[in-house]
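Let's take a walk through a protein together, one piece at a time.

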Amino acid sequence: MKGDDGIIAYRQELLELSNRMRETEKESLKHSEELKLVLNKIKHVIDMEKKTLNNASKNLSNVSDAMKMKALNLTRKHNVQQPNIFHNLPHLMSNENSLQPKVMIGQGRTGVLMVMGVPTVKRKSQNYLLGTLNSLIYELSPEERKKCVIVVFIAEVEEGYVNKLVEHLQNTYSYEIQSGLLEIISPSANFYPDLSNLKETFGDTQQRVRWRTKQNLDYSFLMMYAQAKGVFYLQV
């Protein structure tokens, strides 16, 4: 009887594993279709915004020097100061390299129309990074590839994991990296403040608050890196 019970339990585990694999496959296909829809919308928006930018450029060229000086004087009069990242993250001042990526792979492409940011973290379950990149890269036409840059942000500071993932991406997408389409970055550990004693908000646990805070910091780093590269930014 014990042998029969073991076989039954083994079959049940296989059935559950098979069901989980089917669900994972469905989620992956759904994710791929959603990315295709996003890319189609991006292509449409790019075409529309190019026309808008051309019109705006013509209008700006007609603004008189007197109007420009008036706006400048108004700003000085009210002593407007731009917000500074060091006000909210003062720990960054203790290390001059805290805002520099520790890993930076790519050709440093700038002047593009669209920057696509792809953040990724270490996961225990399935990682969708390669599927996401494949959907983005292979849906772009040769002409669109020249106008875009995809930035993979590995939001981890564990050197072993980061180096292993970077090596895998370099081997998988060597052509895209060499052509300037794909870049890979990861932050310095000095970028993150102490996340061990955060104030609990929205009824979340400390773990959830820490995860949410780090996610906001990750997105901020990626956007700061991407902002000087192109006109539009899309985070996938």
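Which strands does helix α4 lie across? Helix α4 (residues 129-137) lies across β2, β3 and β4 (182-186), and runs at about 165° to β2. Such angles run from 0 to 180 degrees between N-to-C directions, with axes fitted as lines to C-alpha atoms, for helices over the stretch in contact; contact means heavy atoms within 4.5 Å.

Before going on, please note that this is a predicted model, in which local features need pLDDT of at least 70 and side-chain atom pairs count only at pLDDT 80 or more, while totals for chains, interfaces and linings use all residues. Residues are numbered from 1 along each chain as its sequence is written, and side-chain values use heavy atoms, with hydrogens and water left out.

Now for the parts list. The protein has eight helices and five strands. These are DSSP runs numbered from the N terminus: helices are H or I with at least four residues, strands are E with at least two. Read from the N terminus on, the elements follow the order α-α-α-β-β-α-α-β-α-α-β-α-β.

Next, look at how the strands sit side by side. Five strands form an open sheet in the order β1-β4-β3-β2-β5, and the pairing is mixed. β1 (103-105) and β5 (230-235) are at the edges with a single partner strand each, so one side of each has no neighbour in the sheet. On average, neighbouring strands of this sheet are turned by 20° against each other, direction ignored.

We can follow some of the pairs, where pairing requires that DSSP finds at least two bridges between two strands. β2 (residues 112-120) and β3 (residues 148-154) are parallel partners over seven bridges, and here Met116 stands opposite Ile150 in β3. β3 also pairs with β4 in the parallel sense, over four bridges, with Val151 opposite Glu183 in β4.

How many residues of β4 are buried? Five of its five residues are, where buried means under 20% relative accessible area with a 1.4 Å probe, counting protein chains only. In a regular strand the side chains alternate between the two faces of the sheet. In β4, Leu182, Ile184 and Ser186 are on one side and Glu183 and Ile185 on the other, and both faces are covered. Helix α6 (residues 159-172) also lies across β4, along with β1, β2 and β3, running at about 150° to β3.

How values were computed. Buried means under 20% relative accessible area, exposed over 50%, partly exposed in between (1.4 Å probe, protein chains only).
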